[in-house]
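Subject: Handing over a structure

Hello,

Here is the structure I promised to pass on. Please open it first, then read my notes below.

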Amino acid sequence: MKLSYLPAFALALTGMSLSQPVDAARPSQWRTIATRTLAPRTSHETIGLNNRDRYRQLQFCVRGAPVRLNAFKVRFDNGRVQNVRVNDRLNSGGCSRVTNLINGPRRLARVDLTYQQIPQGARPPQLRLLAR
């Protein structure tokens with residue numbers, strides 16, 4: 001019995017798995033590595049990281065109130081820096097686009113953020129830094 005349809009079927013399955021968007025990762029692959037509640041009338045935040053893990057991508061998510069994320073600067077453990085311009089509004093429950101780290105995976109020392117808070121309700125925005 002000849003099974004000539006199996007290679008075509010396997011190829012079709014491979015094509016289906018490769019056609020998914022790169023950002024469509026399972027949530028279990030992302031780790032929350034820092035959480036900050038943004039103080040009223042602030043526009044800068046520094047997130048220090050005491051983590052020896054290596055990451056290749058970062059993403060910011062916000063809850064409570066919207067934030068306009070202008071830019072952030074990633075400082076690696078070897079002193080090098082990656083500047084990222086975002087200039088995007090993150091609504092409550094939303095996340096920024098995924099940022100690939102240069103020459104990743106890399107160890108992170110800290111992340112410096114510049115943002116604008118968008119007043120909405122009494123709850124301050126809570127910002128989460130996710131990595132994978």
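One caution before the notes: this is a predicted model.

**Overall picture**

The protein chain has 132 residues, and 33% of them count as buried. Its secondary structure comes to one helix and nine strands. Along the sequence the pattern reads α-β-β-β-β-β-β-β-β-β. The accessible surface is about 8600 Å². Carbon and sulfur atoms account for 50% of that surface. Now take the contacts between residues at least 6 apart in sequence. Of these, 77% join residues at least 24 apart.

**The open sheet**

Four strands form an open sheet. Their order is β1-β9-β4-β7, and the pairing is antiparallel. Which strands stand at the edges? They are β1 (31-37) and β7 (99-100). Each has a single partner strand, so one side of each is left without a neighbour in the sheet. As background, strands of a sheet pair through backbone hydrogen bonds.

Look next at β4, which covers residues 57-63. Two bridges join β4 to β7, in the antiparallel sense. Leu58 has Thr99 of β7 as its bridge partner.

**Salt bridges**

How many salt bridges does a search of the whole structure find? The count is five. In general, side chains of opposite charge can pair when their charged atoms come close.

Start with Asp112 and Arg75. Their side chains meet in a salt bridge, at 3.3 Å from N to O. Asp112 lies in strand β8 (residues 106-117) and Arg75 in strand β5 (residues 67-76), so this pair ties together parts 37 residues apart in sequence. Asp112 is buried, at 15% relative accessible area. Arg75 is partly exposed, at 26%. There is a network here too: salt bridges link Arg75, Arg110 and Asp112.

Another salt bridge joins Arg107 and Asp77. The closest N and O atoms are 4.0 Å apart. Arg107 lies in β8, while Asp77 is in the loop between β5 and β6 (81-90), so the pair ties together parts 30 residues apart in sequence. Arg107 has a relative accessible area of 23%, which makes it partly exposed. Asp77 is partly exposed as well, with 41%.

Glu45 and Arg36 also form a salt bridge. Here the closest N and O atoms are 3.5 Å apart. Arg36 counts as partly exposed, at 25% relative accessibility.

**Aromatic rings**

The count of aromatic pairs comes to one. The rings are those of Phe60 and Phe72, with centres 4.9 Å apart. Their planes stand at 70°, so the pair is edge-to-face. Phe60 sits in strand β4 and Phe72 in strand β5, 12 residues apart, so to speak of the pair is to speak of a link between distant parts of the chain.

A charge sits over another ring. Arg106 lies over the face of Phe76, at 3.9 Å from the ring centre.

Asn70 is in strand β5. Its relative accessibility is 22%, so Asn70 counts as partly exposed. Which residues does Asn70 contact, leaving aside neighbours within four places in sequence? They are Arg85, Val86, Asn87, Thr114, Tyr115 and Gln116. Take Gln116: in sequence, Asn70 and Gln116 are 46 residues apart. In space, their C-alpha atoms are 7.4 Å apart.

Pro124 lies in the loop between β8 and β9 (126-131). Pro124 is partly exposed, with a relative accessible area of 39%. Not counting residues up to four places away in sequence, Pro124 touches Thr37, Leu38, Arg63 and Gly64. Arg63 is 61 residues from Pro124 along the chain. Their C-alpha atoms are separated by 8.5 Å.

Over to you.

Best wishes

Note on methods. Residues numbered from 1 in each chain as written. Predicted model: local features only at pLDDT ≥ 70, side-chain atom pairs only at ≥ 80, totals over all residues. Heavy atoms only, no water. Pairing = 2+ DSSP bridges. Buried < 20%, exposed > 50% of the residue type's maximum accessible area, 1.4 Å probe, protein only. Contact = heavy atoms within 4.5 Å. Phe/Tyr/Trp six-rings, centres within 6.5 Å; stacked < 30°, edge-to-face > 60°. Lys NZ or Arg CZ within 6 Å of the ring centre and 35° of its normal. Areas by Shrake-Rupley, 256 points an atom, 1.4 Å probe, with all protein chains shown as cover.
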